[in-house]
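Q: I have a model open and want a quick tour. Can we go through it piece by piece?

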Amino acid sequence: MANKSTFIVADDHPLFREALIHAIGNCVEDADIIEADSLDTLQAVVESHAEADLLLLDLNMPGVSGFSALAYIRSKHESLPTVIVSAMDDPAVIRRSIQHGASGFIPKSSPISTLEKGIRAVLDGEVWIPEGINLQDDRLDSEEAEIAAALSSLTPHQFRVLMMLGEGLLNKQIAYQLGVSEATIKAHVTAVLRKMHVNNRTQAVLAVERLRTSTLPVPETALGVDSAT
């Protein structure tokens, strides 16, 4: 008996997860579908279902935004095909998604038929993007590529801490949210700085900013407040 296909649907909007699940059901009969609605649940389901047939990933979910999660997952699980399904369908965002290793990009504004077309194409081994998008150079900007590569050296806990630094949280706030001691967070931050090849948390936050889909103000609490570690 053939194994069931397994899909991971990562999006924090229940109604859109339902739409994706419906599209998958029209493409693959009797598939196992695992849902994630935040960075925490995404990390857990990817670790426990690394051999899934496809990950459908929103770029912005609680705990992460931009290309950070995509870059991190692709570095840890190269064999897991990942399709970005996002409301941000600017051509530059689509190009960067593919450059960061996505196998496809489906705008959230697409009808169900387009979702199904994109899913089927990627399952067949193709790269699927909307018509009219010119991928141009398929290489990342060198600085962005270096940051994405550095993410691959982080543990899941360290990655979560880095994302929380990017939100402007202080060590004590991160410790409270994760239910650990502030000393543990300081140790994680020290490791993050070393692995990201930066000297302080300000530079770490700026690295996270480089992986966002657009230029956003860096939280003041992340720049110069709290100690370097």
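This is a predicted model: local features need pLDDT of at least 70, side-chain atom pairs count only at pLDDT 80 or more; totals for chains, interfaces and linings use all residues.

Q: Is G104 buried or exposed?
A: Buried. Its relative accessibility is 0%.

Q: What is G104 in contact with, leaving aside its neighbours within four places in sequence?
A: T82, V83, I84, I98, V122 and W128. As for I119, 15 residues apart from G104 along the chain, the two C-alpha atoms are separated by 8.5 Å.

Q: Now the sheet. In what order do the strands come?
A: The order is β2-β1-β3-β4-β5. These five strands form an open sheet, and the pairing is parallel.

Q: Which strands stand at the edges?
A: β2 (32–36) and β5. Each has a single partner strand, so one side of each is left without a neighbour in the sheet.

Q: And what does the twist average from one strand to the next?
A: 20 degrees.

Q: How many bridges link β1 and β3?
A: Four, in the parallel sense. β1 covers residues 6–10 and β3 covers residues 54–57. V9 stands opposite L56 in β3.

Q: Which strands does helix α2 touch?
A: Helix α2 (residues 39–48) packs on the sheet and touches β1, β2 and β3. The direction of α2 makes about 150 degrees with that of β2.

Q: Let's back up to the start of the chain. Where is N3?
A: In the segment before β1. N3 counts as exposed, at 75% relative accessibility. In space N3 is 9.5 Å from A31, C-alpha to C-alpha, though they are 28 residues apart in sequence.

Q: Next, A23. Where does that one sit?
A: In helix α1, residues 14–27. A23 is buried, with a relative accessible area of 0%.

Q: What does A23 touch, not counting residues up to four places away in sequence?
A: I112, L115, E116 and I119. The C-alpha atoms of A23 and S113 are separated by 7.8 Å, and those two are 90 residues apart along the chain.

Q: Switching to aromatics. How many aromatic pairs are in the whole structure?
A: One. The partners are Y72 and F159.

Q: Why is that pair called stacked?
A: The ring planes are at 10 degrees, and the cut-off for stacked is under 30 degrees. The ring centres are 4.2 Å apart.

Q: Which parts does the pair tie together?
A: Y72 lies in helix α3 (residues 68–76) and F159 in helix α7 (residues 156–166). So the pair ties together parts that are 87 residues apart in sequence.

Q: Are those two buried or exposed?
A: Buried. Y72 has a relative accessible area of 5%, and F159 is at 1%.

Q: Last one. Which residue just after α7 takes a positive phi?
A: G168, at about 85 degrees.

Conventions
Residues are numbered from 1 along each chain as its sequence is written. Side-chain values use heavy atoms; hydrogens and water are left out. Buried means under 20% relative accessible area, exposed over 50%, partly exposed in between (1.4 Å probe, protein chains only). Contact means heavy atoms within 4.5 Å. Rings of Phe, Tyr and Trp (its six-membered ring) pair if their centres lie within 6.5 Å; planes under 30 degrees apart count as stacked, over 60 as edge-to-face and the rest as tilted. Helices (H or I, at least four residues) and strands (E, at least two) are DSSP runs, numbered from the N terminus. Two strands pair if DSSP finds at least two bridges between them. Axes are lines fitted to C-alpha atoms, for helices over the stretch in contact, and angles run from 0 to 180 degrees between N-to-C directions.
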